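User: I would like to learn how to read features in a structure like this one. Please take them one at a time, with the general idea before the case.

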Amino acid sequence: IQMELKSGILNIYLKTGIAFTQVDLWLGLSYCDGKWNKVTVNKEGSVISASMNELKEQTFEPHVQQLKVNSPIYVGGIPPHIQNFYKELGLEQGFGGCMKDVKFTRGAVVNLASVSSSAVRVNLDGCLSTDSAVNCRGNDSILVHRGKELSVYESGLQPFTEYLYRIVALNEGGSVSSAWTRVRTREPVPQNVPTPSRVHSINGYSIEVTWDKPAGVIGVIEKYILKAYEEDGPNVPIASAELADTGMLTGVLTGLHPFTNYAVTLTACTLAGCTESLHALNISTPQEAPEDVQSPTAVSFPTSLLMSWRPPKTPNGIITQYILYMNGVPIYFGNGTKNIVKDLAVFTPHQFLLTACTLAGCTNSSQVTLFTAQLPPSHIDAPVLTVLDSRTIYVQWKEPVEVNGILDRYIIYITNSEQNFTEWNAIYNSTAPLLDFTIQQLFPGTEYLIKLAACTGGGCTISEASRSITDESTPEGVPAPEVQSYSSDSFNISWTKPEYPNGIITSYGLYMDGVLMQNSSQLSSYCYGLAPWSLHSFRVQACTAKGCALGPLVEARTMEAPPKGKMEIFAMVDGSKEVQLKWLAPNKPNGKLTYTVFVTGLFYVDQ
């Protein structure tokens with residue numbers, strides 16, 4: 001079934017099965033009076049009728065079948081894909097104007113805005129004004145253009161007003177007229193949008209706004225927009241809401257912040273644009289329970305915690321009270337942000353939770369586990385030492401019974417008799433959870449003191465020192481002796497301890513010319529009865545219980561003495577003025593000899 005109004009005729013087309021029925025009702029321009037017109041289409045059996053106001057037309061079609069509607073109903077126009085199947089319906093322009101109170105027999109009034117699913121080829125842009133009654137009468141039309149042009153631009157029209165246009169082509173033989181074409185000017189932007197009449201809070205996050213319909217709006221209001229601005233804030237809305245159902249004069253604005261002052265405005269929009277009310281209605285949202293309550297923090301001490309916390313990032317009101325829970329038990333009530341928890345065990349975990357409250361309610365933070373501070377271990381036993389050889393000591397120890405925290409590292413300190421047991425060196429410092437360590441590259445036969453430190457984040461505890469002596473070995477670095485002669489027949493010899501005794505020196509031996517001259521604990525010797533200026537070699541030997549070692553060889557001479565023995569001299573005359581002398585060395589030179597020749601008598605001098 002199709003119904004259309006064209007050129008003053010209301011046409012009804014009904015097709016059921018193979019039967020096609022058409023009803024035409026002549027209206028003329030009777031409907032162009034600026035008032036509402038009631039149109040009724042009726043099918044009773046084989047009689048199909050159409051009426052508008054007091055005019056009625058009907059027809060009888062015996063082959064018409066029962067009308068069953070089981071598909072969508074199109075009001076104002078039909079989409080192109082439907083027209084492809086029903087070409088007899090034509091391709092007329094969609095409906096322009098307005099409808100109301102659409103009813104079906106024994107049915108409820110249909111609200112087209114709420115039940116419609118789409119709008120295709122429809123120009124429902126509002127209703128005709130009463131002025132259009134003048135323009136509906138053809139004999140009252142106004143000539144707007146005369147000329148040979150094929151287009152014309154007309155200005156000075158009323159906004160959102162429907163006009164009828166037709167073209168008359170004239171020549172000397174006569175004229176021909178086109179059908180009337182219906183057009184409507186666009187609507188203007190709304191003017192004088194009122195301030196919302198009433199605002200009340202639903203909760204801290206949303207408000208309900210009520211307003212009056214703007215007066216004097218020319219056109220159809222497409223939507224309303226509610227906007228909320230923070231007082232003394234930037235001129236940018238914090239929240240807004242678009243309301244497409246313009247029949248409702250109440251809307252809800254969400255996304256607000258509790259306990260905040262807002263200025264609420266109303267914006268009305270037509271297709272031409274939007275206008276916001278000049279003034280705003282102020283409202284304060286109520287308080288809500290806080291949001292983003294932060295967990296408490298603490299400065300840790302061994303037996304206490306200095307608790308502190310920050311206000312919630314989003315308080316949503318005035319904080320009336322904080323509640324601090326430890327291990328599920330409330331330990332603090334008040335509006336402060338600090339609290340000291342005392343008499344706690346060392347390095348013990350505790351669960352804390354903070355509750356922040358406003359008049360509207362309370363919110364918990366997430367639970368956090370906090371520890372009291374660490375202390376050094378209460379006691380650490382002295383290490384157990386095992387001598388493996390002359391240069392290696394194996395160190396073992398036990399973990400402290402009371403750690404007082406998290407065991408962080410062990411440190412081994414060592415000193416020896418050569419350092420007078422005063423200069424301690426850290427020979428091991430490790431976070432590895434080992435309980436032993438081998439100290440290598442030590443000195444043989446040396447007494448060592450070794451102590452152990454166990455450390456936590458709170459400090460270190462040092463044990464008593466354990467004493468151990470490495471096995472002895474043969475000495476190393478036996479020095480060369482210092483040999484001095486103060487007379488022509490004796491030596492004073494002295495020496496020092498070996499650089500590395502490698503044990504307890506049991507004796508020193510002095511070799512002279514390869515013969516052991518002395519074997520004692522003395523560091524010096526005296527040799528006499530030697531020939532003057534005689535050359536001798538010396539070497540020191542140092543011994544421990546493990547063996548002996550020799551030092552480097554040193555050579556020295558005794559001091560010189562006057563030569564002994566007779567000297568024979570021989571003189572040979574070489575000429576009138578020369579004498580050659582020769583002599584024999586004394587039997588005992590007793591040193592490096594130098595000779596002096598003494599000559600007496602007359603010497604010849606050249607004049």
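Analyst: Start with disulfides: a disulfide is a pair of cysteine sulfur atoms within 2.5 Å. The structure is a predicted model, in which local features need pLDDT of at least 70, side-chain atom pairs count only at pLDDT 80 or more, and totals for chains, interfaces and linings use all residues. Residues are numbered from 1 along each chain as its sequence is written, and side-chain values use heavy atoms, with hydrogens and water left out.

User: How many disulfides does that rule give?

Analyst: The count is four disulfides. One of them is formed by cysteine 357 and cysteine 362, with the sulfur atoms 1.9 Å apart.

User: Why is the disulfide of cysteine 357 and cysteine 362 called right-handed?

Analyst: The torsion about its S-S bond is about 110°, so the disulfide of cysteine 357 and cysteine 362 is right-handed.

User: Are these two cysteines buried or exposed?

Analyst: The terms rest on relative accessible area: buried means under 20%, exposed over 50%, and partly exposed in between, using a 1.4 Å probe and protein chains only. Cysteine 357 has a relative accessible area of 3% and is buried. Cysteine 362, with 47%, is partly exposed.

User: Which cysteine is joined to cysteine 455, and what is the handedness of the link?

Analyst: Cysteine 455 is joined by a disulfide to cysteine 460, S to S 1.9 Å. The link of cysteine 455 and cysteine 460 has 105° about the S-S bond and is right-handed. Cysteine 455 counts as buried at 3% relative accessibility, while cysteine 460 counts as partly exposed at 43%.

User: What about cysteine 543 and cysteine 548?

Analyst: Cysteine 543 and cysteine 548 form a disulfide, the sulfur atoms being 1.9 Å apart. With 110° about the S-S bond, this link is right-handed. Cysteine 543 is buried, at a relative accessible area of 4%, and cysteine 548 is partly exposed, at 44%.

User: Now the aromatic rings. How should I read a pair?

Analyst: A pair of aromatic rings is described by the distance of the centres and the angle of the planes. Rings of Phe, Tyr and Trp (its six-membered ring) pair if their centres lie within 6.5 Å; planes under 30 degrees apart count as stacked, over 60 as edge-to-face and the rest as tilted. By this rule there are twelve aromatic pairs. Among them is the tilted pair of tryptophan 397 and tyrosine 410, at 5.4 Å centre to centre and 55° between the planes.

User: Where in the chain do tryptophan 397 and tyrosine 410 lie?

Analyst: Strands here are DSSP runs (E, at least two residues), as are helices (H or I, at least four), numbered from the N terminus. Tryptophan 397 is in the loop between β28 (392–396) and β29 (409–416), and tyrosine 410 is in strand β29; the pair links distant parts of the chain, 13 residues apart. Tryptophan 397 and tyrosine 410 are buried.

User: Why is the pair of phenylalanine 491 and phenylalanine 538 edge-to-face?

Analyst: The ring centres of phenylalanine 491 and phenylalanine 538 are 5.1 Å apart and the planes are at 75°, so the pair is edge-to-face. Phenylalanine 491 lies in strand β36 (residues 490–494) and phenylalanine 538 in strand β40 (residues 535–544), so the pair ties together parts 47 residues apart in sequence. Phenylalanine 491 and phenylalanine 538 are buried.

User: Which residues form one aromatic cluster?

Analyst: Trp397, Tyr410, Tyr428 and Phe437 form one.

User: Which ring does the charged end of lysine 451 sit over?

Analyst: A charge sits over a ring if NZ of Lys or CZ of Arg is within 6 Å of the ring centre and within 35 degrees of the ring normal. The charged end of lysine 451 sits over the ring of tryptophan 424, 4.1 Å from its centre. That of arginine 467 sits over the ring of phenylalanine 421, 5.6 Å from its centre.

User: Finally, how do β11 and β12 run?

Analyst: Two strands pair if DSSP finds at least two bridges between them. Strand β11 (residues 198–201) and strand β12 (residues 207–210) run antiparallel and are joined by four bridges. Valine 199 has valine 209 in β12 as its bridge partner. The two strands, β11 and β12, form a hairpin with five residues between them.
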